[in-house]
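Let us walk through this structure step by step. Keep the sequence and the 3D view side by side as you read.

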Amino acid sequence: MEYMKPDEIVELFKKRLNKSTIIDSRIETKTAGLTKSSYNVIWLKINPEDLKNAVKLLSTIHFPHLAIISGNDMGEEIELIYHFSIYYGARFKEISIDLSIHLPKKDLRIPTITDLIPGAQVTEREMKEMMGITVEGLPELPNLFLPKDFAKDTHPFRRDEKGIYPLSKNGNYVGNNIIRKEEVKKIE
Amino acid sequence: MTSISLFEILVKIIGAIVIAFLGIVIGLFYKGIDRKLAARMQARVGPPIRQPFLDFFKLMIKENIVPENAVPWIFNGAPIMTLVSSITILLYLPVGNIPPILSGYGDIVLIIYLLTLPAIGMVVGGFASGSPYANIGAQREMVMMMSYELPLVTAVIALGWKLSQVYPQLNVFSLVAINANPIWGLVGPLGFIGAILLFITLAAVTPGELSKIPFDAPEAETELAGGILVEYSGRNLALFGLTDAVKTIVMTSLTVALFFPYGISHLLAFNGAFALIVDTLFFLVKIFLVMFFEVTFIRVAVARLKIDQVSFAYWIPVSIIGLLGLMLIVLDTIIV
Amino acid sequence: MSKETYSIPIGPVHPSLKEPVTFNFEIYGEHIENVNLAPGDNHRGIEFMGMQRNLIQIIYLAERICGICSASHPFAFCRAVENAAGIEIPERAQYIRVIIAELERIHSHILWAGVAAHELGFDSVLYLSWRAREEVLDLLEYLTGNRINYGIFMVGGVRRDISEEQIPRIRKTLGYYKDIYSKIEDIFLNDPTIALRTKNVGVLTKEDALNFCAVGPTARASGVKKDIRQDQPYSAYADLEVKAITPDVLTGVVNGDVYDRIIVRLLELVQSIQIIEQCLENMPAGEIIAEKKLVKLLNQLKKAKGEGIGRHEAPRGECIHYVKLNESEFPEVWKARAPTYNNLMSWVPMLLGQQIADIPIVIASIDPCIACMDRVTILNKDNGQKKVLTKKDLHELSVQKTRRITP
């Protein structure tokens with residue numbers, strides 16, 4: 001089996017996808033142990049429209065292992081990072097690839113990748129429930145992480161009015177539709 | 001049939017009550033010993049020996065819950081039926097040299113029929129609980145009943161047939177006759193091997209009859225959360241506990257009566273009431289040993305089997321061993 | 001003939017489950033026709049809580065994601081923070097981390113062996129193997145101060161050194177496991193009843209393992225040679241020859257059944273012993289932490305900006321943490337993923353077509369560890385109003401309930 005170098009992978013992405021798709025790319029090299037052996041992590045920021053193509057392209061290199069999708073509410077937009085890894089199964093060869101997409105709050109839709117990687121279902125459903133992202137192509141299923149009767153328009157990981165009220169010291173993410181501050185004071 | 005006087009009836013009733021009481025007490029006591037020994041073999045301390053008694057008394061004062069979708073009269077009747085039927089079997093079994101209370105009113109064929117009754121009672125109770133777990137448990141219990149009947153009957157028939165060849169005038173299926181003429185004395189070398197095979201067959205049937213590991217699929221704690229017994233609580237569960245204890249005594253006594261009916265009083269030259277006591281104690285030791293090897297030891301040494309594997313084990317290997325034993329005994333008789 | 005199926009629920013509380021998770025099975029006779037999986041009963045909102053805490057507090061929170069993986073989560077988390085903030089950790093600390101992680105693997109795998117035996121109805125093996133597990137727990141207590149939740153990991157290194165006097169005690173424990181390993185292997189691989197219950201049960205094909213993103217021994221038993229200690233060596237693993245263990249090492253074939261998962265875990269026990277021995281031999285001298293003063297470290301982390309992932313091969317599979325720092329006291333994002341999260345989906349192909357009796361062992365065979373998030377917000381069904389229950393409310397509710405059931 002032939003292994004591509006990290007920079008070659010980034011080049012391949014730039015060549016095969018639209019030029020404008022790759023917004024940002026970064027290769028990290030980390031070392032470990034007395035021998036200072038190194039491994040690589042690739043961070044790619046891409047356009048949300050090309051997510052599926054990027055995953056398809058990744059599959060042509062090596063069947064990718066999807067660890068998880070992590071989400072981050074950045075105010076105006078939501079960042080989703082797909083943590084992939086390829087070339088597992090051989091010593092020192094594995095490369096972590098993190099595909100990051102930024103979705104504007106107005107248009108929170110991503111295509112499902114469960115047709116390419118069926119195992120992505122769990123994590124896509126988590127993002128759907130926790131972040132309020134519409135996953136197109138994913139069947140309508142009951143809540144997996146939240147209680148079954150949880151409010152449909154509340155998403156715990158959001159930091160805007162759709163999030164939940166955190167009873168914590170840094171009250172930046174107060175959602176005012178849940179409990180008024182006076183009520184909280186009354187309880188406390 | 002001879003006419004029975006009122007006095008005899010009274011004696012039999014009192015005897016039955018005494019035997020039932022002793023059967024329950026000894027059964028619970030042996031259950032305690034069984035749990036303690038199993039615990040020691042598993043490197044645990046284990047519960048105190050009186051634990052089954054404590055369990056029983058605690059359960060008796062607990063609330064008896066009948067599930068909403070159960071059939072109450074069947075649900076409550078099943079534990080009583082199982083307990084009564086297992087105590088009835090006890091009345092047909094000889095204790096040491098004391099003949100059975102009900103000797104003369106039935107024989108070992110009746111016992112085989114009676115043995116299915118506790119199982120049927122549990123199946124009925126399981127289906128009446130209206131819980132899916134209990135339903136599955138009841139289905140499995142039925143499958144198991146159908147599976148272990150053949151080897152059980154094979155073992156008993158072989159003994160009876162051999163006895164009928166040697167003493168044609170006897171009522172060969174009465175336990176008194178079997179008890180008085182141990183199988184080992186009647187057979188030659190071939191038949192001896194056959195008798196050992198029959199003993200193995202009966203030993204394999206015992207854990208199945210008692211729903212103990214490896215044949216505890218109907219109750220399977222980790223799969224069905226107690227299976228048949230899942231919905232039972234309070235008094236009903238206590239009665240099932242008693243049934244289990246009595247059934248253990250029944251099955252081990254049956255093994256002892258069929259294969260080891262020896263006493264030691266004549267060896268030690270005792271007679272009278274003292275001989276009776278010594279033989280009874282020796283009988284208790286014998287059923288303890290049988291219980292230890294057939295129940296306690298097996299259940300700590302193996303894993304639980306699936307129901308299809310249980311069924312297969314009884315229909316094929318155990319049945320073959322039983323039939324082989326029967327054949328060897330027949331051959332032994334023909335050749336000699 | 002029409003198939004009349006009926007459904008049985010397993011969970012959220014069931015003797016075969018050690019943690020709350022719900023399954024709904026469609027059963028035909030004794031065979032499973034359909035599986036519905038509904039986890040989420042154990043969501044504690046750990047990630048949410050973590051984002052309200054500083055990075056050093058999160059280490060202890062991460063430790064408590066799961067009692068058994070209490071070295072894996074902090075290991076992965078510390079690596080994520082170190083990658084994000086660009087902290088280099090001393091070599092000696094890398095070796096100590098690996099020793100603790102491998103000791104944890106030994107205890108986790110023996111724990112699993114006991115649980116698996118219990119699910120099979122083989123309680124004797126449960127008690128004997130858990131007794132064998134005590135030895136490594138005692139050693140961990142001796143080294144770290146705790147039997148579980150070791151509290152030894154710190155951003156930039158470890159908090160306790162392994163001194164020269166402690167090494168003979170470690171070697172003694174390793175010797176103990178070498179002695180009893182043959183017994184454990186004999187029980188699990190040669191016992192006829194265990195073989196009857198585990199061979200060709202809960203088969204996960206290699207294709208399914210890849211498709212459903214399985215990790216750890218679950219994936220390796222299906223023939224996917226995936227082990228981060230081999231693929232992307234970190235810490236001291238980079239100096240050691242670690243090979244992903246697949247069942248064909250022992251039997252020559254890969255079936256992907258429960259039996260194969262037992263083989264993989266047993267062989268990993270031996271592997272862990274070897275790794276610890278190599279670590280003890282090659283352990284360099286030096287510092288054990290990059291920054292000793294916690295206040296200084298916190299200040300350094302407060303100024304850091306960046307993102308990083310930390311991966312660790314936990315006993316159950318790959319454990320991955322993602323941390324994003326944004327020049328603030330609290331991390332902007334903390335995402336923790338336990339291995340069971342990925343193995344969840346592989347339950348479905350394993351369970352379909354099996355018997356009811358196989359359910360406990362198949363569920364146990366991936367060594368599930370159900371841990372996650374929040375359930376405090378409830379929706380009042382009567383008036384549709386959302387409300388957060390406080391401790392006081394819960395107390396009030398429980399008093400009401402008690403009054404109701406006791407006249």
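Two strands count as paired if DSSP finds at least two bridges between them. Keep that rule in mind for chain C. The model is predicted. In it, strand β7 of chain C, residues 317-326, pairs with β8(C) over 5 bridges. The sense of this pairing is antiparallel. Look at one of the residues involved: Ile320(C) has Arg337(C) in β8(C) as its bridge partner.

Now widen the view to the sheet. Strands of a sheet pair through backbone hydrogen bonds, either parallel or antiparallel. Here the sheet is open and has 3 strands, in the order β6-β7-β8 of chain C, with antiparallel pairing. Which strands form the edges? They are β6 (305-314) and β8 (333-337) of chain C, and each pairs on one side only. On average, neighbouring strands of this sheet are turned by 10° against each other, direction ignored.

A helix comes next. Helix α3 of chain C, residues 72-85, lies across β6, β7 and β8 of chain C. Helix α3(C) runs at about 150° to β6(C).

Step back to the whole chain.

Finally, turn to the neighbour. In chain C, 25 residues are in contact with 24 residues of chain B. Several elements of chain C supply at least two residues each to this side, including β1 (6-10), α4 (91-119) and α16 (359-365). The largest share, 5 residues, comes from α5(C). By class, the side of chain C that touches chain B has 13 nonpolar, 7 polar and 5 charged residues.

Conventions
Residues are numbered from 1 along each chain as its sequence is written. Chains are lettered from A and ligands numbered from 1 in the order in which they are written. This is a predicted model: local features need pLDDT of at least 70, side-chain atom pairs count only at pLDDT 80 or more; totals for chains, interfaces and linings use all residues. Helices (H or I, at least four residues) and strands (E, at least two) are DSSP runs, numbered from the N terminus. Axes are lines fitted to C-alpha atoms, for helices over the stretch in contact, and angles run from 0 to 180 degrees between N-to-C directions. Two residues are in contact if their C-beta atoms, placed from the backbone, lie within 7 Å. Ala, Val, Leu, Ile, Met, Phe, Trp, Tyr, Cys and Pro count as nonpolar, Asp, Glu, Lys and Arg as charged, and the others, Gly among them, as polar.
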